[in-house]
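Visitor: I am new to this structure. Please show me how to read a few of its features.

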Amino acid sequence: MTGDSPSSDLRAVFEQHSRAFSKPKGTVLFRRGEEAAGMFLVLTGNVDLDFGMYPALARSYGPGALVGLPSTITGRPYCATATVTEDADLGFLSPERLESLLRERPELCQELLVILAERVAANHHFEQISARQAA
């Protein structure tokens, strides 16, 4: 589990309100540049994110991770391609369902902001490393 995974309480809420399904290894959940359809909660298995020309940003997410969160919240296209790398059970929340859930449970917003801040900080760090390596 990564450091930017939700708490067990938030995970339980998302799991309860998401649509559950399974996907085999090799399934592409979304592609970089596609309109955000929603976010995924990894219940079992692994999902890798590939940022294309920024290989240092590539990450693997296991159980408990939220994949596609930034784009789902902002409504912007996905900035990475998400591929199932180990057979996975997933929960899916559409942008509308996430927004509705956050209106019902505003206390969840702060934890999501912390997760997003950690991802932004990590991406900024990796971008700096990539820039130094390119120089």
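Guide: This is a predicted model. Start with L98. Its relative accessibility is 2%, so L98 counts as buried. The cut-off for buried is under 20%.

Visitor: Where is L98 placed?

Guide: L98 sits in helix α3, which covers residues 95-104.

Visitor: Which residues is L98 in contact with, leaving aside its neighbours within four places in sequence?

Guide: Contact means heavy atoms within 4.5 Å. By that test, L98 touches F14, M39, L69, T72, I73 and L112. Now take G38. L98 and G38 are 60 residues apart in sequence, yet 8.3 Å apart in space, C-alpha to C-alpha.

Visitor: Now the rings. How many aromatic pairs are there?

Guide: Rings pair if their centres lie within 6.5 Å. The count is 4 aromatic pairs. Take F21 and F40. Their ring centres are 6.1 Å apart and their planes stand at 75°, so this pair is edge-to-face. Planes over 60 degrees apart get that label.

Visitor: Which parts does the pair of F21 and F40 tie together?

Guide: F21 lies in strand β1 (residues 19-23) and F40 in strand β3 (residues 39-50), so the pair joins parts 19 residues apart in sequence. Both F21 and F40 are buried.

Visitor: Why is the pair of F30 and Y78 stacked?

Guide: The ring centres of F30 and Y78 are 3.6 Å apart and the planes are at 10°, so the pair is stacked. F30 is in strand β2 (residues 28-30) and Y78 in the loop between α2 (69-74) and β6 (81-93), so the pair ties together parts 48 residues apart in sequence. F30 and Y78 are both buried.

Visitor: Which residues do ring pairs link into a cluster?

Guide: The cluster holds F21, F30, F40, Y78 and F92.

Terms used: Residues are numbered from 1 along each chain as its sequence is written. This is a predicted model: local features need pLDDT of at least 70, side-chain atom pairs count only at pLDDT 80 or more; totals for chains, interfaces and linings use all residues. Side-chain values use heavy atoms; hydrogens and water are left out. Helices (H or I, at least four residues) and strands (E, at least two) are DSSP runs, numbered from the N terminus. Buried means under 20% relative accessible area, exposed over 50%, partly exposed in between (1.4 Å probe, protein chains only). Rings of Phe, Tyr and Trp (its six-membered ring) pair if their centres lie within 6.5 Å; planes under 30 degrees apart count as stacked, over 60 as edge-to-face and the rest as tilted.
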